[in-house]
Amino acid sequence: MSDFPSRDTILTALDQVPDPKSGQGLRKAGMVRGLAIGPGRIGFMLEVAPADADLYAPVRAAAEAALRALPGVEEARVVLTAEAGPGPGPSPRSTPAGRSAALSPQATAPARPAPVPQGRPEHVKRVLAVASGKGGVGKSTVAVNLACAFARLGLRAGLLDADIYGPSAPLMLGLHEAPVYGEDRKMQPAEAFGIKAMSIGLLVDADKAMVWRGPMASRALTQMLTGTRWGTETEPLDVLVVDLPPGTGDVHLELAQKTLLDGAVVVSTPQEMALVDARRAVAMFGKLQTPAPVLGIIENMSGFIAPGTDEPIPIFGRGGAKAEAERLGVPFLGEIPIDLSLREAGDAGRPLTATRPDSGTAQAFLKIARALA
Ligand SMILES: Nc1ncnc2c1ncn2[C@@H]1O[C@H](COP(=O)(O)OP(=O)(O)O)[C@@H](O)[C@H]1O
Ligand SMILES: [Mg+2]
């Protein structure tokens, strides 16, 4: 990698591309954000106002071309933060504005109208968020396996890894390729194990995204939501599973403002501390501009299944999430045991539900997916 262009060389190259507003080079105009230099690839974000999205589309193309012209650069990705997809608007091809009653491909009846300007991404029938109050409870594991479970049930399923600061979809699904842009300026999502996936980890170096300010992270999320070709008019996505970051930060607010969430699933471990956070997550969905129904709580790491046995040993306790769900008046969706093969499958980029669907843990995910479908 020694002959890969230095940061200075890259920024100098970007200064050859003029900013149409100020007339200065892109670096001098202060428009290069989150520059990520990876093996063979360069990525950054052009932060522009939504009204200027069209003006800057050719700038993005020019910047990508300038980067690709540098020696050793195989991939150059410029994310235009303001690029608004047609999702929120009343586009004649968009899905009905109401929440779909069910996931089944036939479901069409809108239950109630959504307030403008929220909407789903284009050609997506249902958006399902997976949340947790606390990190490390297995939210991403649940999101990935649920998406795979939906696919096994015959639904067209997608996964949006909205954890800008800690993306896990590339690892868990074994994805390495940066998405390509189509003529409609939308990104083609990655495809693996029968699901479509998009993650900031595919666009820029995750270490760089870690230091983004809140608004940049939010815009990156919007870009991935509305700038991805999740489906087509004839083959819309039945369900988009969104792996939310832990907590209740900017990204959640952005998602709440831009997207109609058809429902939320909260993941918790059985410990009291995790349950307190799960309670907060449940409350958060009720406070959104359009409150999202909490479809239920999943207890993850609910007991340990020793190799060769079937009955979970409750190391961290068991049943706490079920009791909490009853207290909160939301459905309890099921338990996922501590299962080393689930972790190994995730680390290997081969989700258990897709690769070993007959295993007890995969069956637990399929049961939950059936309840949600
Ligand atoms: N039920 C489980 N059994 C065994 N390992 C699990 C289980 N759920 C999650 N893990 C592991 O725990 C770690 C954290 O899980 P992850 O899904 O990344 O959590 P989060 O997204 O909430 O931060 C990962 O290494 C994952 O493989
Ligand atoms: Mg995660």
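Analyst: The largest pocket holds about 490 Å³ of space. It is lined by 24 residues, and those closest to its centre are Gly-138, Thr-141, Asn-300, Met-301 and Arg-343. This is a predicted model, in which local features need pLDDT of at least 70 and side-chain atom pairs count only at pLDDT 80 or more, while totals for chains, interfaces and linings use all residues. Residues are numbered from 1 along each chain as its sequence is written, chains are lettered from A and ligands numbered from 1 in the order in which they are written, and side-chain values use heavy atoms, with hydrogens and water left out.

User: What is a pocket, and what is a cavity?

Analyst: Rolling a probe the size of a water molecule over the atoms shows where empty space is left. On a 1 Å grid over the protein atoms alone, a cavity is a set of points where a 1.4 Å probe fits but cannot get out, whereas a pocket is an open set with protein on both sides within 12 Å along at least five of seven lines; lining residues have an atom within 4 Å of a point. Grid points are joined across faces, edges and corners, and the volume is the space filled by probe spheres set on them.

User: Which element gives the most to the lining of the largest pocket?

Analyst: Helix 11 does, with five residues; helices (H or I, at least four residues) are DSSP runs numbered from the N terminus.

User: How many cavities of 30 Å³ or more does a search of the whole structure find?

Analyst: The search finds one, and the largest cavity has a volume of about 30 Å³. Its lining consists of Leu-244, His-252, Leu-255, Ala-256, Leu-261, Met-284, Phe-285 and Leu-288, and helix 8 gives the most to this lining, with three residues.

Technical notes
Helices (H or I, at least four residues) and strands (E, at least two) are DSSP runs, numbered from the N terminus.
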